[in-house]
Each structure stands twice: as structure tokens, then as C-alpha cells.
Amino acid sequence: MSTTTVAPDGAGTETPPPSNPNGDAKVRIGDRIFRGMSATSSSLVLVMMAAIAFFLVTRAIGALSVNEANFLTYSQWSPDGDPSMFGIAALAFHTLVTSIIAMVLAVPIAVGIALFITFYAPKKLAATLAYLVDILAAVPSIVYGLWGVFFLAPQMTGLTLWLDKYFGWTVIFAYRPENIPNNKSDFTAGIVLAIMILPIVAALAREVFNQVPRTNIEAAYALGATRWEMIRMAVLPFGRPGIVSASILGLGRALGETMAVAYILSAAYDVNVHITESGGITFASNIALKFGEAGDTGTGALIASGMVLFLITLIVNSIAQAILRRGMVKD
């Protein structure tokens, strides 16, 4: 309890309460323990990343040392042949193409869904839609793969021919008639991946939009803004870092997806810029399909391809962090 003393000039001065040495010691010990636990947890993440990188490098060196082809530019995959020749050109190409298609389709729709649920839909409808979106995130990837093979792919012929007719001049949508029209293409795989990552991006974006300060929204309305102007001026600038983070998380899911892509794509080790034509294989699907039959060199080659996928993921996340920091500095 503090006490008040009267100075000679009549002014009152407040004397602080006596300190509790035992209590302060307990607080300091608790802070030290918590700081130590937090530092240990942070360090553990770095140790795990370093351990994964060390494992990938050490297991891949043997296969890379006997590879007779350029690992980065060669597209075929024959690590257990004589001579051993394998490369990641086709794997990297189809992995990036399917992921880009998924992001282009999923992110705008997911952000639109999040905005509608947060600011436009009535409460009961918003709760129902949010529940349905969350259910989509819980569907196993193999179910999406089966749906893509047996339902989506057969329905893609009309869209493929329409894109070829009106956008074939772009080359990427051109469909050469000599190809078998089974639609097991990068485009079909990208659509399935978009459906898979959409609920992740939408759910995270919705949580970010719910954190927008109410004062920002009310200030925009007070200035005479419409609902869309309020979203453009108050919501989207605030939620931009969260949208970027959600998109990167969805991209990571798309880059590493295995079974759904393995079911849809017809394995072909070539770089084909016509995304509506059949063929293609990604890093993850190649590892899943080839691991059971791979020899010692083949296993090392697959681990080497996994190392490249690991590096791509790190680079993508680093770029996203740089974009976020640059945006925050400008703000």
C-alpha cells in the first residue's frame, strides 16, 4: 500500500509501496524459464530444417555423382539405367505450371468467398458457407484425385476445344489433333489443385478480414464510402499481408500435392507448353510412382529431386516474406 507524505512546501508526495523481494524473484525466474523455452522452440525449428537439408544432400550426392546427364536441364528419368541419366527439367516445369494454374484460379475466388462471408452474407448464410468451406479442406486428397479422373477429366473436352478455338493463338491453349483427348493434362490437374487449396486460402483470408478494426470500417462509412469502397480502402490494405500468407500456404500445398496429381496426369517426361494436352509429371507424383521400384541410384535420384522441391519451397517463402516486408515499409 502506498503512503502520502507532506513536504515542507505543503505539496504531497507519494511513497511507492515496499518491494517484495521474494515475489520479484519468482517473477524473474518465471520470465527466464519462459524465455528459455521460447528460445529452445525457435532453435528446434532451425535444427529440424538443417537436419532435413543435411539428409537430402548426403543421400543425393551418390546419385548425382554417377549421373551422365545434366540434372537441371535433362528431362528424361532413367537413374537405374546403364548409363544412369536423369534430370528434373520436366518435373520442375509441370510442378510450376500446375501450381500457377491453381493459384490463378483459386486465390481470387477464395478472397471473394471470404469477403462475401464476412461483409455481404446474412449471418445464418455466412455460418453455413463457412462450414461448407471448412469441410472442403477436410476432404482427403485421394478423393479429389478420383473425382478429377472419373468425373472432371471426361467433362473437360468441350472446354478444351473452346479454349483451342478462341485462345489457341496463345500456344498454351492450343490442342493438337494428333493427341489423345483424355484430358489428363496440366490444366485439369491445376483445376483440381485449385479446388483443393481454395478452402485453405478462403478460411485464412476470412479470419484476417474478421480482425479488421471496427473503427477503420466505421471511419470509411463516415466519409461516405460505399461497401465496396470501404473494402477497398479499409479491409484489403489491412488484410494484404494475411492474403499473401494464405496464398503462400496454398501454394505450398499445391507444390507438394502427390496422389491427386499422380492420378490425373499421364506420366510423361517431356516439357510441353500446351497445357491442355495429356502428359506431364510433378516432383511429388514422380517420387510416389517411382519409389517402390527404384534401386539405390534411383532412390538417391528421387531424394535429389525432393531436395530441389525443398529449395523451391524455401525460395517461394523467402520471396513472399520479402514482398510482405516491402509492403509494410511502404505502409
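Reader: In which handedness does α3 pass α6?

Author: This is a predicted model, in which local features need pLDDT of at least 70 and side-chain atom pairs count only at pLDDT 80 or more, while totals for chains, interfaces and linings use all residues. Residues are numbered from 1 along each chain as its sequence is written, and side-chain values use heavy atoms, with hydrogens and water left out. A crossing is left-handed if the near helix is turned anticlockwise from the far one by less than a right angle, and right-handed if clockwise. For α3 passing α6, the crossing is left-handed.

Reader: Which residues of α6 make the contact with α3?

Author: Contact means heavy atoms within 4.5 Å. From α3 come Ala130, Val133, Asp134, Leu136 and Ala137, and on the side of α6 the residues are Pro199, Ala202, Ala203 and Arg206.

Reader: Is threonine 188 buried or exposed?

Author: Threonine 188 has its place in helix α6, helices being DSSP runs (H or I, at least four residues) numbered from the N terminus. Buried means under 20% relative accessible area, exposed over 50% and partly exposed in between, with a 1.4 Å probe and protein chains only. Because its relative accessibility is 1%, threonine 188 counts as buried.

Reader: Which residues does threonine 188 touch, not counting residues up to four places away in sequence?

Author: With those sequence neighbours set aside, the residues that threonine 188 touches are Leu152, Ala153, Met156, Asn183 and Ile264.

Terms used:
Helix = DSSP H or I, 4+ residues; strand = E, 2+ residues; numbered from the N terminus.
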